[in-house]
Amino acid sequence: MNEIEEKIRKLRSRLLYHAKKYYVEDAPEISDYEYDRMYAELLALEAAHPEYFDPESPSQRVGGKALDKFEKVTHTVQMNSLSDVFSFEELEEFLTRVDGAVPSASYSVEPKIDGLSVSLRYEAGVFVQGATRGDGFVGEDVTQNLRTIFSLPMQLPEPLDLTVRGEVYMPRQVFERLNRTREEAGQALLANPRNAAAGSLRQLDPQVAAARGLEIFIFNLQEGSLYADGHAATTHTETLDRLAVLGFPVLEQRKTLQGYDAIVAQIRRLGELRDALAYDIDGVVIKIDDLSQRVLLGEGTNTPKWAVAYKFPPEQKQTRLEDVTVAVGRTGVLTPTAVLSPVRLAGTTVSRATLHNLEFIRERDIRIGDIVTVQKAGDIIPEVVRSHPELRGEQTKLFYMPTHCPSCGEPVFYDADEGAATRCTNSKCPAQLSRGIEHFASKDAMNIDGLGPQLVDALLKGGLITDAADLYSLRVEEIADLERMGEKSAQNLVAAIERSKSAGLERLIYALGIRNVGEVAAAALAARFGTLEACMEASVEQILEIRDFGQITADCVVNFFSHTQNRELCQRLTEAGLLTEAVAQPADDFLAGLTFVLTGTLPTMTRDEAGAMIKAAGGKVAGSVSSKTSFVVAGEAAGSKLTKAQQLGVRIIDEEQLKQMIQLQTSEI
């Protein structure tokens, strides 16, 4: 081995050692600066001497060539999900059932990481493939993206053949840093670390995934042996201890316990620790420790009989309501927002929360200066749950809605027919215009990537646009002159605007922002009338012929197209070259009358795409499960919707079954 090759080998070895100290053991021995210098030196040497290329080099963990698509991977061991319990009573029922088969069992009690489940295959100790859970049987090959996770060993200290299962997550600090960067760039903020991790792992460009700072915990041996001599572990605890010796990151916050009282005490303790952890947890996993007892209890159709996940209720925190601000939406509705003393809640720092309307505030006796309880609806949208009058001081005061619009200064009126809404009367209100253009460009409407709130405001203030139609006459040089923009960003935006021209009538009608017309109603209008011109001339009676359209929605559509400025906008959009005809075939009737609810991460499509496919086939898509739900389409990490469907006896299908239903085009389901 010559001097250069030896130097490269030593650099790789030192970098791998310090990466493990930093990412796995959380005990760094050198500064980031020193590590970066070593890394830069390795990159320079490898570039100068490609003959010493090694796929296991630390330099290969920053992402390779972008992919066109993810290949499918069939799991050799099914990746089951867990049954959820939502109360200690339900947990006790589970423990009682297990006790009937294996009395006095010991359980491994572990935090439930709120991330994305993956399988990882090693051959002769070398990492060769990683895949998402998918539907439990077939997932997606995300090997290149998993290689960017520095805490995941690429080579084990022993030449073992095994497959392990883990949970990929985004640390809270990384998530908050990413959102700060997105906010500065005028991009939409990510909802929570779990969604951010899932989206990052499914990036087709591994270099994007590499920049996201993902981490992983390994929590199970799927198949293979942990020992070179063929010795088999007898307990789950032994398995995790051995995985840690082999270099895998495993959870430290786990205990082996017996009995209901001890398990509940540990669940409570982990609940109290949530804020102190570097990662999000949404519950606690309770599973039998003895592996032979697991075999005795066996597996259900999709879940093991030897484990459950106790799901934490929505996390609630108390904080002070410092002030109330009022924002104007695209339809002119004034919405009060609580300004809070910052509080850590469900994985993010919350400083604002919705208060809905004045009626909501009065019903809950919420006052400025109050101590209030807040939670995240669906773990996403912060909301004020209640005030605490018993903690109220003398400095609190009642909130009153403004009598004039905070954006344009025009009078507002109380619209009792529209859910106790306070509305601005000025159709030219700047706030309405801004929010309307944001809606027009949003993902579910015209999907103009990169056109966020800050850029919309900049375009309006710069006099470059006055409505949505002006977007289609923007020039690269005009956009490039705006603050925080440049030639490349401007080119990308103009290209995105041009692409949006082919979105089709369904998206265009939704993008127009007609009151009470959502995606489903927009698609129905497009299917019924076929062209924008026909929609503009439709009568209330004709619209009422559409299934599930009521008088209010029909009136809103006709009223919208009766205004001269709206008709002129539609004419200018048509002249700009937008496709004003329906791109989907009129909905067939074979899914008519069926209502679907989508939950979890589907293996090959987004929920929006699945929903569009259902709607195109004549079905409905609902946001919540009820006794009227026909099917729940469940993907990976399906949560409370799946549980409710099981409780109500609603039929549960996966993505593949949904595709088969639509391809068969039959109503005999």
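## Helix pair H12 and H13

H12 and H13 are oblique to each other, a class for angles that are not under 35 degrees (roughly parallel), over 145 (roughly antiparallel) or 65 to 115 (roughly perpendicular). The axes of H12 (residues 430-441) and H13 (residues 453-461) cross at roughly 130 degrees and come within 10 Å. The crossing is right-handed.

From H12, Leu-433, Ser-434, Arg-435, Ile-437 and Glu-438 meet Pro-453, Val-456, Asp-457 and Leu-460 of H13; contact means heavy atoms within 4.5 Å. This contact has 5 nonpolar, 3 charged and 1 polar residues.

## Basis of the model

This is a predicted model: local features need pLDDT of at least 70, side-chain atom pairs count only at pLDDT 80 or more, and totals for chains, interfaces and linings use all residues. Residues are numbered from 1 along each chain as its sequence is written, and side-chain values use heavy atoms, with hydrogens and water left out.

## Arg-242

Arg-242 lies in helix H8 (residues 236-245). Arg-242 is buried at 11% relative accessible area (buried is under 20%, exposed over 50%, partly exposed in between, with a 1.4 Å probe and protein chains only). Its side chain joins that of Glu-158 in a polar contact of 2.9 Å. Beyond neighbours within four places in sequence, Arg-242 contacts Glu-158, Leu-226 and Tyr-227.

## Positive phi in two loops

Most residues other than glycine have a negative phi. Ala-124 has a positive phi of about 55 degrees. Ala-124 sits in the loop between strands S4 (116-123) and S5 (126-132), and is partly exposed at 47%.

Asn-447 also has a positive phi, about 55 degrees. Its loop links H12 and H13. Asn-447 is partly exposed, at 43% relative accessibility.

Definitions and conventions
Axes are lines fitted to C-alpha atoms, for helices over the stretch in contact, and angles run from 0 to 180 degrees between N-to-C directions. Helices (H or I, at least four residues) and strands (E, at least two) are DSSP runs, numbered from the N terminus. A crossing is left-handed if the near helix is turned anticlockwise from the far one by less than a right angle, and right-handed if clockwise. Ala, Val, Leu, Ile, Met, Phe, Trp, Tyr, Cys and Pro count as nonpolar, Asp, Glu, Lys and Arg as charged, and the others, Gly among them, as polar. A polar contact is a pair of N or O atoms within 3.5 Å; within protein, one must be able to donate a hydrogen and the other to accept it, and residues adjacent in sequence count only if both atoms are side-chain atoms.
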